[in-house]
Every structure is written in structure tokens, then in C-alpha cells.
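Hi,

Here is the structure I promised to pass on. Have a look at it first, and then read my notes below.

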Amino acid sequence: MTKKIPKSRSLRKVFVKVPGNEVKVHFRERKEKKRACAECGKILPGMFRNSPGNSKPAKTKRKPSRPFGGILCSSCMRKKVQANVLKASGDSNA
Ligand SMILES: [Zn+2]
């Protein structure tokens, strides 16, 4: 991968004290944004935020395995599933 340019702010600035009592600026990668519900925009609780250097989250930190897990919050998922069921039953009756 190509090197990111420090001045572009795609990297975050970290002030690091180095030996010799000097403060230097190091550029490090930013952490991922918090995941939000695609319908209402509410922040999804318990969702893993990948930090640079990490690859695979622990089992307990992975997204929920239910339908729309990690995309919709639980209440939006419930509404969506109910709407789909009503739609399907309406089609079969007609
Ligand atoms: Zn939602």
C-alpha cells in the first residue's frame, strides 16, 4: 500500500516524548468510526471498532448473527421483519 501523507490529516497526530526530553510528532492511523444503524442512525452498541494493526475481533466482539445484524439496530430490525411478514401474508391472501 502507498504511504499516507501526514499533512492530509488522514493520519492522526500523536505527540510523543522521546529520549533526550524532546517532544516529537508521530503520525498514526485513525481508529474506525463507530457503526450506526442504517435506518435511524443510532450508534450500534457492542459493535467492534477495528484499530490499526488488529485483524479479526474476538468471538464476543463480532456482530450479532441475527438478520440485519451489524446493519440495523434491534428495534429497526424488528420493524423491518414485521413489515416483510405482513407484506408476504398480504400477497398470499390476494
Ligand atoms: Zn435503527
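**What I found**

Among contacts in the chain between residues at least 6 apart in sequence, 22% join residues at least 24 apart; two residues are in contact if their C-beta atoms, placed from the backbone, lie within 7 Å. Please keep in mind that this is a predicted model, where local features need pLDDT of at least 70, side-chain atom pairs count only at pLDDT 80 or more, and totals for chains, interfaces and linings use all residues. Residues are numbered from 1 along each chain as its sequence is written.

On overall shape, the chain has a radius of gyration of 22 Å, while a compact globule of 94 residues would have one near 12 Å (taken over C-alpha atoms; the globule rule is 2.2 Å times the number of residues to the power 0.38). Along the principal axes, the C-alpha atoms fill a box of roughly 80 × 30 × 25 Å. Domain 1 covers 1–30 and domain 2 covers 32–93, with bounds from an automatic or database domain assignment. Their centres, over C-alpha atoms, are 35 Å apart.

The elements run β-β-α from the N terminus (DSSP runs: helices are H or I, at least four residues, and strands E, at least two). Strands β1 (residues 11–18) and β2 (residues 22–29) pair in the antiparallel sense over eight bridges; pairing needs at least two DSSP bridges. F15 stands opposite V25 in β2. Three residues lie between the strands of this hairpin, and G20 in the turn has a positive phi of about 100 degrees.

Why does β1 lie largely in the open? Of its eight residues, the number buried is zero (buried means 20 or more other C-beta atoms within 10 Å of the residue's own, exposed 12 or fewer, partly exposed in between, with C-beta atoms placed from the backbone). Across the chain, buried residues make up 1% of the 94.

Best wishes
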